[in-house]
Amino acid sequence: MDNDVSAGSTTTVIGRLALGVTLLAFGLGYTDLIDGVTAADAVSLAHYVGGVALFVAGLLALRDRDTANGTAFTGIGALWFTWAVSAGGPVSDNAAGLFLLLFALVVLSLALAGGDTLGQGAHGLFFVSLLLLAVGRFADSDGLGKAGGWFAVAAGAVAWYAATAALAHWPTTLPRRAAGRGVTATG
């Protein structure tokens, strides 16, 4: 198999699909791109797909000794589940901002932990999304919330691509040129 194409484990593919779909629905709710669709509309999806399915995928990854994806999927799954079951409840903007900020710190740890480029990219974009959403809640800024939504959409697209690339055997890295190749000296 080509080094540029990752087959990925079944658990990783399922986890990334669950994360991607949840992030896309959550992010699109904040962007106001689709009339009448809000982040609250993503609660059921976040509860079952982002929460339960992602958590189970994480447990299966841990069983397979895949600690990086197991940690990521169980941690993010637990956080999605918590967000979903508490959505719509009476909570202050500062409390919601604090939850999003703590959620962002977990995702930042995952982005910095290493792993493959697409996984780090998805976690990095998700971190920026959560940070913008948290600051937006603290500052009562719909504009920051909308920007955070777009970063969540981008993170979801990267996670979805990573899963689809593994299934379809698409490239997951950019080809690199050898040093000095493709450059000619003029003189």
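Which helix gives the largest share of the lining of the largest cavity? Hold that thought. A word on the source before the answer: this is a predicted model.

Let's start with the cavity itself. The count comes to one cavity of 30 Å³ or more. The largest cavity has a volume of about 50 Å³. Its lining is made up of Arg16, Leu19, Asn69, Phe73, Gly119, Ala122, His123 and Ala159. By type, that lining splits into four nonpolar residues, three polar and one charged. Helices H1, H3 (67-86) and H5 (117-139) each put in at least two residues. And the answer to my opening question is H5, with three residues, the largest share of the lining.

Next, the core. In soluble globular proteins, nonpolar side chains tend to be buried together. Here the largest nonpolar core has 29 residues. Inside that core, the residues with the most contacts are Ile76, Trp80 and Phe126. H3 gives the largest share, seven residues.

Take a look at Trp80. What does Trp80 touch, once we set aside residues up to four places away in sequence? Leu19, Thr22, Leu23 and Phe26 come up. So do Ala46, Gly50, Gly51 and Leu54. Phe103 and Phe126 complete the set.

Is Thr31 buried or exposed? Thr31 counts as buried because its relative accessible area is 2%, and the cut-off for buried is under 20%. Its side chain has a polar atom 3.2 Å from the backbone nitrogen of Leu33. Leave aside neighbours within four places in sequence, and Thr31 is in contact with Lys146, Gly149, Trp150 and Val153.

And Thr10? Thr10 counts as exposed because its relative accessibility is 60%, and exposed means over 50%. One more point on this residue. Thr10 and Ala57 are 47 residues apart in sequence. In space, they are 9.2 Å apart, C-alpha to C-alpha.

To recap: H5 gives the largest share of the cavity lining. H3 gives the largest share of the core. Thanks, everyone.

Terms used:
Residues numbered from 1 in each chain as written. Predicted model: local features only at pLDDT ≥ 70, side-chain atom pairs only at ≥ 80, totals over all residues. Heavy atoms only, no water. Buried < 20%, exposed > 50% of the residue type's maximum accessible area, 1.4 Å probe, protein only. Polar contact = N/O pair within 3.5 Å; in protein donor to acceptor, adjacent residues only side chain to side chain. Contact = heavy atoms within 4.5 Å. 1 Å grid on protein atoms, 1.4 Å probe; cavity = no way out; pocket = protein on both sides within 12 Å on 5 of 7 lines; lining within 4 Å. Points joined across faces, edges and corners; volume = space filled by probe spheres on them. Helix = DSSP H or I, 4+ residues; strand = E, 2+ residues; numbered from the N terminus. Nonpolar A, V, L, I, M, F, W, Y, C, P; charged D, E, K, R; others polar. Core = buried A, V, L, I, M, F, W, Y, C linked by side-chain atoms within 4.5 Å.
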